[in-house]
Structures are given as C-alpha cells and as structure tokens.
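Visitor: Could you walk me through this one, starting with the overall picture and then going into the details?

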Amino acid sequence: MTYQGARCSARVVALGLLMLCALGIALGSAVGSTGIESWFSALHDDTAWQIVWDIRLPRSVGACAAGALLGLAGALAQGLFRNPLADPYLLGSASGASLGVAVALALFGGNPFAAEFLVRLGLTGAAFVGAVLAVLLTLVLARGVQHTLRLLLAGVIVGVVFGAVASLITLMRPDVLQGMQGFLLGSTSFIGWNACVLMLGVLLVCLVLAFALSRVLDALSLGESTALSLGLPLVPMRVALVCVLALATGTAVAQTGLVAFVGLAAPHLVRSVVKTQHNWIVLLSALMGGVLLLAADLLARLLLSPQEMPVGVLTAVLGGGYLLWLMYRSQTSRAAP
Amino acid sequence: MLKRINAFCRVALLAVLGFSAIAQAVVLRDDRQVEVTITQPPQRIVSLLPSLTETVCALGQCQKLVGVDRYSNWPESLAKLPRMGGGIDPNIESVVAVKPDLVLMATSARGAERFAALGLTVLALEPRSHADVQRVMRIVAQALDVPVQESDRVWRHIDAAVNAAAQSIPSQAKGQRVYFEVSRAPYGASESSFIGETLQRLGARNILPASLGPFPKINPEFVVRAQPDIIMVGDSNFADMATRPGWQNMQAMRTQRVCHFKSEESDVLVRAGPRMAEAARLMAKCLTEKAEAHKAKGAP
C-alpha cells in the first residue's frame, strides 16, 4: 500500500510523537472516575495521591508501553512477511495467550494446589507462557523461518487450533466465560508499576534489537532473492526478528489482553507520513502504537466517566477509522491528481 | 540510609503498637487459599459480587457498604451507592477513591492482585452450593466482627424457610422432572449446581444428572429426548424457545408447563446467597401451579 504526500522528516515525526506521548501521559494522570481534582488534592490527600501516582500514571505509561510493543511487533511482522495485512498476532501468539488464560481460569476452580501455584504465576504469566508456546509451535510446524508462506500458514493453523481449544474449555466450564471475555476485550486498567517496568524493559530490548536487525527488512522489501544476493545472514537475522516479534507481542498481550488493531494500524499510519528506511519505521511504529493505545485508553476512561469502556473496542474504532480515511484520501488524490 | 532508619523505626513502632491489635486480629483463609489478616473490624466495605453484597446485608451490616458492583441490586437501599464496574472490569480507581478497609469479590473476578498491591484488604469468596452459602456467610461474619452465632441464626432462618417451601408443595406435585435453563447456549442447571440442590430439596427431579458438572452445555436434542414435565427459564430466554427445532412438540411446551421468570426473579434464582429461600419459594410456586394446572386439564 502506498500513500501520497509523505514528506515529513523522520526525526520531526519522532519528536512529535514523543511529545504526544508525554502529553497523553500527563492527561492520563488527570482523567478518571473523579477527574482533575485528585490532581490538586494529591499533595495533601493520601488517597488522591495513590489514585494519581499508583493507578493513573502506571496505567497511562503502561498503555503507552503496551501500544509501543504492539506497534513495534506490527512493523516487524509487516516487514518480515512483506505483507501489509500482517499483524503481531500472526504467529499464533494471541490464541496461545487466550488458551493460557483459559487453562489458568479453568484450573483456578480446581484443586487447591493448582490454584496456589497459579495465583503465584498469575493470569499474566499464563498468557505469556501460552503466547510463547504458540509461537514455538508455529516455528516447529513451519520447520524454521526460511519459508515465509509456510510460516504464515503454520501461524494461521496454530491460531485457529489454539483458539478452538480455548473455546472448548470455555464451553465446558461456563464459569470461565466471564474472565475470558474480559481478556478478549483487552484492558489497560490492571497495569501497575511492576508491569510498566517490565514492559518498558522489554520494549527497550526489542527496540535495540529491531533497530540493529532492520537492515534485513530493507533487504527483504526488495524481494527474497535480492536479499539473499546482498550477502546478509538471512536465516539467523530472521530467527532473531521472529523472537523479538514473539517477545514483544507476548509481553503486551499478557499485560493488557487482546488489544485489536494497534499493531496493524501503527506501521501504516507511520508510512503515510514518512517515507524512510525500516530502522526508522520500526522506531516510529512503536511510538505511533504508544500514542494510539494511550489515546484510546484516555477516551475509554473519559467517554462514559465515571464508568469505563473496554479499550480494545476503542482501538479498533479509532485506528480503523483513521486508516479508512487515509485509504480513501490516497485513492481520491490519485484519481484526480 | 536515613530512609532505612526511618523505615526501621516505623516497623518497630508498629510492632509495639500492634501487639494489642494483633490479639484481636482475625486471620481468614479465603477461596483463593490466601490467608487474609483483618486487624480491625472493617467499617467501609466494597462488594463486587451480588451474592456477597446480599450476604453482608443479611448479616445486618448493609450500612457499612460504600460501593458495590453494577449487578448488585438487592436490597433496594443500595440504589444510592456508587457503582464500581463489574466482576471482569472492576473500576480500580473508583474503588480506591472510597478508601475501603475491605474489598469482597469473587475468585473468578479480575483485579484482586491489583487491589492487594494498592494496599487494600481483599477477601475473595465464591459461593457455589448450599453448604457454601453457610460457609461464606460465616467467613464474612468473622471478617465483619459479627458473632458466629448470629450468622448461624441467619442461616438457620434461611434453611428453615427452604424447608417450609418444600413442605408447601402438595405431594402430587413432587417428583416432577424439571429442566432449568440458565442461558440460551443452552446451559442447564444440573443436580450438582446450586439451583439443582434447591430443586432436590423441593422434591423435584432434575433431567440433568450431577455427572455432567454443575452447568453443562447441552445439546437441545437432549431436552427433547428427556421430555421434562416442567421447564424453568428466564424471560429473556423464553421468547424464542418454541422456535427451537422440535421443541414446540415437547409435552411441557404443548401443555404450557413452562415457568418463565422475570429478570429480578432470575437474579434471585441464580445467586448463591441469602435469598435462596426466596428462590425456593419461587420454584415451589411454579411446581405447585403447574402440577395443578395439569391435573385440572387432565381431569375431565
């Protein structure tokens, strides 16, 4: 997919997005069930302080970090598979995570030993383990990363099968249904500082690795045979990128549940404003994803305040709407230049 | 370094001050198998599960509730309390904002770890059977510093009312075979569910055996084959029941021996809480009326 009118410099866009992130986090600390007055009373009121510092800030920073992880993963997936429809959940990590959560929830009601063990591991741990296992299974089924098509198909198969097993568990244990639904909708409201630090750490590692390995994405965009003829160590670089992709997605999914569309939309939005190499695209996609999820989280808290909307619903509406508008605009400008 | 000394002093002070309080502290094991220590009788309670809200009120502690989930709707005095989301999406911020000293929630709900991390005392309980209602009531009573005798008295009252409901059913209305539909998938309530236990005590038979698990997802064909004498269902599921393939020819459907409950009645029926006697009365009324209607029709 190509867009017209992409003339901004990557640095300017990065700066702009960073500022948007900062603005969003600042706004995020002021919006919630009570509104900005908590902000003013935070200095002398312990509860207000707790609300701003321990609930709103980690939640906003966490939403930004989770969005960034998804945006980064989306850019990697679209580059790796040379497919504009690729999204971070492509290798089965989403269904793997849901299966992990379903199993954990089903065992919660079971024997006390399992419950005690799982409480310690937590739903987030279960989701992460599930996501990583699903990607590993995809890699085994595809017998490595050499064949893009085989990898794609294996990812789809693992996704469908794991999803079906998760549905089966939910069907057998209807008391799990509620918890599963909450996970599938995606939510940023349970993020604490620990989760934030974890996500930011993983994000940093993933960004550095992706930035370093982005040459292979540039090479791949010229076609597989060209990439090979450039003399890059294609296989190990691809394996590393798939690992980064899995790590980023698994971490985000484990903390926030299935947040739709951020990973798909962020790279497209970036490419619509800048034309640049993959190292910048990866970085900017991460920032764009962060801004997108942060904005959705803000709206989720604001629209029905003091109640909340599931953030996953809003990302789909926001990202989807904007993408649709971009497509429409680029089409009409091409039709009548 | 200064911070450490400060922290140490605080701990030492707390330890000294705490000795008297610890003597009265209650340690309870909740349904997550977590040991919860309650140092002082809570005065500000948030409940995020309707049956727990009702349990608190049945123990006469309703006035201590400062927030409930959006599904808690009994007793009516709760109407003015702030709503704090539901089981899967508790609104963390608004719960913290009311400064509760105890949060009651289901084990299946989310956010328990988050509340604990924010320094709130969480008691996660999940009543699923008649025995659970008594057990959970005792735990809540201990947590709220209500004497156990009082909770046992409330329980005996409920238990006696269930027995009374059972005795109110004429003998010819006993032994009817019942299908209780919980949701449209369809999920039914089996003998091992909370609802099944009530039905059993009312002398009704359940078409779904305990071996299927408490709320099995069944094949609609199973119900047609089992030919229940009476169907019990919520209003919202009743609407399209007759359009299910083969169902309109079922004996119970043709003779209109279907009890459909209003949504507030359904709330009473499905919650494993102190209103189980009311649930028993609703079911007893259904069993009696439908048996008599059948007799009146069958007599001439």
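Guide: Here is a walk through the two chains, their contact and some local features. This is a predicted model, in which local features need pLDDT of at least 70 and side-chain atom pairs count only at pLDDT 80 or more, while totals for chains, interfaces and linings use all residues. Residues are numbered from 1 along each chain as its sequence is written, and chains are lettered from A and ligands numbered from 1 in the order in which they are written.

Visitor: OK, chain B then: how many helices and strands?

Guide: Chain B has 12 helices and 11 strands, where helices (H or I, at least four residues) and strands (E, at least two) are DSSP runs numbered from the N terminus. The C-alpha trace of chain B spans about 90 × 40 × 35 Å along its principal axes.

Visitor: And what percentage of chain B is buried?

Guide: Of the 300 residues in chain B, 44% are buried; a residue is buried if 20 or more other C-beta atoms lie within 10 Å of its own, exposed if 12 or fewer, and partly exposed in between, with C-beta atoms placed from the backbone. Among contacts in chain B between residues at least 6 apart in sequence, 56% join residues at least 24 apart, a contact being two residues whose C-beta atoms, placed from the backbone, lie within 7 Å.

Visitor: Which domains is chain B divided into?

Guide: Chain B is divided into domain 1 (27–146) and domain 2 (171–298), with bounds that come from an automatic or database domain assignment. Taken over C-alpha atoms, the centres of domain 1 and domain 2 of chain B are separated by 31 Å.

Visitor: Which residues of domain 1 do the touching, by element and by class?

Guide: In chain B, 13 residues of domain 1 are in contact with 9 residues of domain 2. On the domain 1 side, the elements that give two or more residues are α2 (50–58) and α5 (130–143) of chain B, and the largest share, 5 residues, comes from α2(B). By class, that side of domain 1 of chain B has 5 nonpolar, 5 polar and 3 charged residues, where Ala, Val, Leu, Ile, Met, Phe, Trp, Tyr, Cys and Pro count as nonpolar, Asp, Glu, Lys and Arg as charged, and the others, Gly among them, as polar.

Visitor: Switching to strands, how much of β10 in chain B is buried?

Guide: Strand β10 (residues 230–234) of chain B is mostly covered, with 5 of its 5 residues buried.

Visitor: Which strands does β10(B) join?

Guide: Strand β7 (residues 177–183) of chain B runs parallel to β10(B) and is joined to it by 3 bridges, and Tyr179(B) has Ile231(B) as its bridge partner in β10(B). Strand β11 (residues 258–261) of chain B also runs parallel to β10(B), joined by 4 bridges, and the bridge partner of Gly234(B) in β11(B) is Phe261(B). Two strands pair if DSSP finds at least two bridges between them.

Visitor: Now the contact between the chains: how many residues from each?

Guide: Chain B gives 24 residues and chain A gives 28 residues. On the side of chain B, α3 (92–97) and α4 (112–117) are the elements that give two or more residues, with the largest share, 5 residues, coming from α3(B). The residues of that side of chain B divide into 8 nonpolar, 8 polar and 8 charged.

Visitor: Which residues touch the most other members of the largest nonpolar core?

Guide: Of its 102 residues, Leu69(A), Leu72(A), Leu76(A), Val101(A) and Leu245(A) touch the most other members; a nonpolar core is a set of buried Ala, Val, Leu, Ile, Met, Phe, Trp, Tyr and Cys residues joined through C-beta atoms within 7 Å. Helix α12 (residues 278–303) of chain A gives the largest share of this core, 15 residues. A second, separate core of 81 residues includes Val46(B), Met84(B), Ala252(B) and Leu269(B).

Visitor: Last one: where are the buried residues of α7 in chain A?

Guide: In helix α7 (residues 177–185) of chain A, Gly179(A), Met180(A), Gly182(A) and Phe183(A) are buried. Seen down the axis of α7(A), the buried residues fall within an arc of 160°, so they line one face of the helix, the arc being that of the directions from the helix axis to the C-beta atoms. Gly186(A), which follows α7(A), has a positive phi, near 80°.
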